[in-house]
Amino acid sequence: MQSRVILVEDDTALRESLANWLSKEYIVLPFNSAEAFLEALDDSDFEDGIKTCILLDFQMPGMNGVELQNRLREMHVAYPVIFTSGNAQQADIIDAWHGGAVDFLLKPFTGAKVSEALRMLFEKSSAIS
């Protein structure tokens with residue numbers, strides 16, 4: 001069964017290129033903001049048995065990545081999160097880890113680097129299941 005990647009990224013060019021790259025291997029649901037993803041989460045049922053993770057930009061206008069991560073935890077939505085950021089500080093990365101992030105990719109990164117992080121995450125979750 002194919003796995004799903006929820007991509008939350010405010011940079012349009014990066015979001016589109018990642019969605020194109022990842023759609024070769026995964027079901028990709030791209031969102032341009034945390035708020036847009038939360039709205040879709042309210043309107044959809046992602047509890048369909050498909051292994052899902054979130055590839056989440058750390059810094060976005062409005063709700064940032066850690067705020068979304070905290071909100072999801074409050075809602076009891078427990079998808080693994082891989083953060084991406086172009087200018088995160090060490091304290092930001094620590095906050096993300098404490099919130100349960102499984103990985104943190106610093107921009108710029110290659111599509112292959114993202115694919116490898118996702119492959120490792122989904123392999124680990126298959127071994128646990």
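Me: Where is Pro108 found?

Reply: Pro108 is in the loop between β5 and α5. Keep in mind that this is a predicted model.

Me: What is the peptide bond from Lys107 to Pro108, cis or trans?

Reply: That bond is cis, and its omega is near 0°. Most peptide bonds are trans.

Me: Staying with Lys107, which side chain does Lys107 meet in a salt bridge at 3.0 Å?

Reply: That of Glu9, with the 3.0 Å taken N to O.

Me: What links Glu9, Asp57 and Lys107?

Reply: A network of salt bridges.

Me: Is Glu9 buried or exposed?

Reply: Buried, at a relative accessible area of 2%. Asp57 is buried as well, with 4%. Lys107 has 23% relative accessibility, so it counts as partly exposed; the cut-off for buried is under 20%.

Me: How many salt bridges does the count come to?

Reply: Five. Another of them joins the side chains of Glu123 and Arg119, at 2.7 Å from N to O.

Me: How many residues apart are Glu123 and Arg119 in helix α5?

Reply: Four, so about one helical turn separates Glu123 from Arg119. Glu123 is partly exposed at 46% relative accessibility, and Arg119 is partly exposed at 34%.

Me: Which residues are on each side of β4?

Reply: Val81, Phe83 and Ser85 are on one side, with Ile82 and Thr84 on the other. Both faces are covered, and those residues are all buried. In a regular strand the side chains alternate between the two faces of the sheet.

Me: In what sense do β3 and β4 pair, parallel or antiparallel?

Reply: Parallel, over four bridges.

Me: Through which helix does the chain cross from β3 to β4?

Reply: Through α3, residues 65–74, in a right-handed β-α-β crossover.

Me: How many bridges join β4 to β5?

Reply: Four, and those two strands run parallel. Thr84 has Leu105 as its bridge partner in β5. The unit made by β4, α4 and β5 is a right-handed β-α-β unit too.

Me: While we are on α4, where is the place of Asp95?

Reply: Asp95 is in helix α4, which spans residues 90–98. With 43% relative accessibility, Asp95 counts as partly exposed.

Me: How many residues apart in sequence are Asp95 and Val66?

Reply: They are 29 residues apart in sequence and 7.4 Å apart in space, C-alpha to C-alpha.

Me: Where does the largest share of the lining of the largest pocket come from?

Reply: From α5, which supplies seven residues.

Me: How do the residues of that lining divide into nonpolar, polar and charged?

Reply: Nine are nonpolar, two are polar and three are charged.

Me: Last topic, backbone angles. What is the phi of His76?

Reply: His76 has a positive phi, about 65°, although it is not a glycine. Most residues other than glycine have a negative phi.

Me: Where does His76 lie?

Reply: In the loop between α3 and β4.

Me: And does His76 count as buried or exposed?

Reply: His76 counts as exposed, with 73% relative accessibility. The cut-off for exposed is over 50%.

Definitions and conventions:
Residues numbered from 1 in each chain as written. Predicted model: local features only at pLDDT ≥ 70, side-chain atom pairs only at ≥ 80, totals over all residues. Heavy atoms only, no water. Salt bridge = Lys/Arg side-chain N within 4 Å of Asp/Glu carboxyl O. Buried < 20%, exposed > 50% of the residue type's maximum accessible area, 1.4 Å probe, protein only. Pairing = 2+ DSSP bridges. Right-handed = clockwise from strand over helix to strand, strands pointing away. Nonpolar A, V, L, I, M, F, W, Y, C, P; charged D, E, K, R; others polar.
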